[in-house]
Amino acid sequence: MDIKRICAGLRAGAEQLAVHTAERKNGALAAVAKRLDAARAEILSANARDVEKAAAAGMKESLIDRLRLTPSRIDSILESIRIIMEQTDPVGQCVAGWTTPNGLRIRQQRVPLGVASIIYESRPNVTVDAFALAYKSGNAILLRGSSSALESNKAIVSAIKAGLAETGVPEAIELACSGSHAEVDEILNAVGLIDVVLPRGGAALIKMVVEKARVPVIETGSGVCHLFIDESADIRSACAIAENAKLQRPGVCNAIETLVVHRAVLQQLLPALEETFAGRAEFRCDAESYPILKAAAEKAGRAPCVVRAVPEDFGYEFLDTILAVKTVGSVDEAIGFINAHNTHHSESVVTQSLPNAAAFQQRVDAACVYVNASTRFTDGGEFGFGAELGISTQKLHARGPMGLTALTTTKFFIDGEGQIR
């Protein structure tokens, strides 16, 4: 990959985009959506080849599900572009403004970052989401997806470029498509060529990018998410939330990996939970929860679904139909356990106690902290952003689902009348 040539093209595209109006950018996005819609057959065919290859290589089904595109998922991709078009363009927004005692008029305004790159795994919808968010916020983007989604990404980027050729800036997007890992090293060392890199994927990918990058990184996080069932929780609601948070899509970063249960409700909750899950997940239990869940599973004829946990099961991102279970004696113990084992992504408590809910939200260290709701809502689309660049788990610049403003910075505009210091 000729990183200097590619980034020079992207920089030229970013400079064009920086002065485009929201109306002009939206027109280009509309043309892209139209091309993607027209290219459905080619995109689905390319994706089928990726899925077939992944299955032959032994990829587990929960991860194949992240890779797979369907007509309805393409519909969702197109809908996300529409929502992004409807979002307020952050570029040019005045964050603050004032006049100094000597008469200088100062405005702090949002401007694009410039050239961004995203390194991501499996999910081809990210190809469209990242492009659309970057384009609307005035940035050019270099995409580097995983080799498992290479055919899908090629087909998608081809359609995007065709749409941009009609009315937009085709130089605003490039795909690193050799499949070589050397591409990642080139991106991470592109000092002065790339303004920011975003990793989106599992813990190993994120760790590698953070440790090796010489360019600025917005750190996204793997999803070791917890659901705490407080002693005051409504049991039926707790079971429904746990089922959704673990089983709706177990291979995504906002699915829970550990259920934390107050000791006072173990005997009520766990049999109801086992009945709700009905053998669809393996429970990895601590010493207190194991005999209760084992007895409930045996009664239902599902004994193999309950095993004893090992310490490594807590704080691990399974991305599978596996749920660790931990017993605690108080909300304070739950908060301490979660803060010691999470990845600062999304955490939730089921409780009817307002003080416990407040303590949980204030003291749990995570980008998104829920009360009486599933962690599966941590998503740019669900938050009204249309799409997301990822879930930032850092505390600088951006945190949580990253929408349009995450790819902007601010610039000071100072107007004077001959003032000197």
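Biologist: How far apart do the C-alpha centres of domain 1 and domain 2 lie?

Modeller: This is a predicted model. The domain assignment gives domain 1 as 3-180 + 389-415 and domain 2 as 225-382. The C-alpha centres of these two domains are separated by 34 Å.

Biologist: What area is buried between domain 1 and domain 2?

Modeller: The two domains touch, with 14 residues of domain 1 in contact with 18 residues of domain 2. Carbon and sulfur atoms give 53% of the area buried between domain 1 and domain 2, and that area is about 1100 Å².

Biologist: Which residues of domain 1 lose the most area to domain 2?

Modeller: Three residues together account for 34% of what the side of domain 1 buries. They are Ile 391, Thr 393 and Arg 399.

Biologist: Which element gives the most residues to the side of domain 1 that touches domain 2?

Modeller: Between the two domains, six residue pairs are in polar contact. Elements giving two or more residues to the domain 1 side are α4 (61-67), β14 (391-392) and β15 (400-401). With four residues, the element that gives the most is α4.

Biologist: How many charged residues does the side of domain 1 that touches domain 2 have?

Modeller: By class, this side of domain 1 has three nonpolar and four polar residues. Its charged residues number seven.

Biologist: Against which elements do the buried residues of α12 pack?

Modeller: Helix α12 covers residues 289-299, and its buried residues are Ser 289, Tyr 290, Ile 292, Leu 293, Ala 296 and Ala 297. In an α-helix there are 3.6 residues a turn, so residues three or four places apart point the same way. The buried residues of α12 pack against α11 (266-277), β9 (282-285), β10 (306-308) and β11 (322-328).

Biologist: Is Ser 137 buried or exposed?

Modeller: Ser 137 is in the loop between α6 (125-136) and β4 (140-144). Among the residues that Ser 137 touches are Lys 25, Val 91 and Leu 404. Because its relative accessibility is 0%, and the cut-off is under 20%, Ser 137 counts as buried.

Biologist: Which residue's side chain is joined to that of Ser 137 by a polar contact?

Modeller: The polar contact spans 2.9 Å, which lies within the cut-off of 3.5 Å. The partner of Ser 137 is Asn 139.

Definitions and conventions:
Residues are numbered from 1 along each chain as its sequence is written. This is a predicted model: local features need pLDDT of at least 70, side-chain atom pairs count only at pLDDT 80 or more; totals for chains, interfaces and linings use all residues. Side-chain values use heavy atoms; hydrogens and water are left out. Domain bounds come from an automatic or database domain assignment. Contact means heavy atoms within 4.5 Å. Buried area is the accessible area (1.4 Å probe) that two parts lose on being put together, summed over both. A polar contact is a pair of N or O atoms within 3.5 Å; within protein, one must be able to donate a hydrogen and the other to accept it, and residues adjacent in sequence count only if both atoms are side-chain atoms. Ala, Val, Leu, Ile, Met, Phe, Trp, Tyr, Cys and Pro count as nonpolar, Asp, Glu, Lys and Arg as charged, and the others, Gly among them, as polar. Buried means under 20% relative accessible area, exposed over 50%, partly exposed in between (1.4 Å probe, protein chains only).
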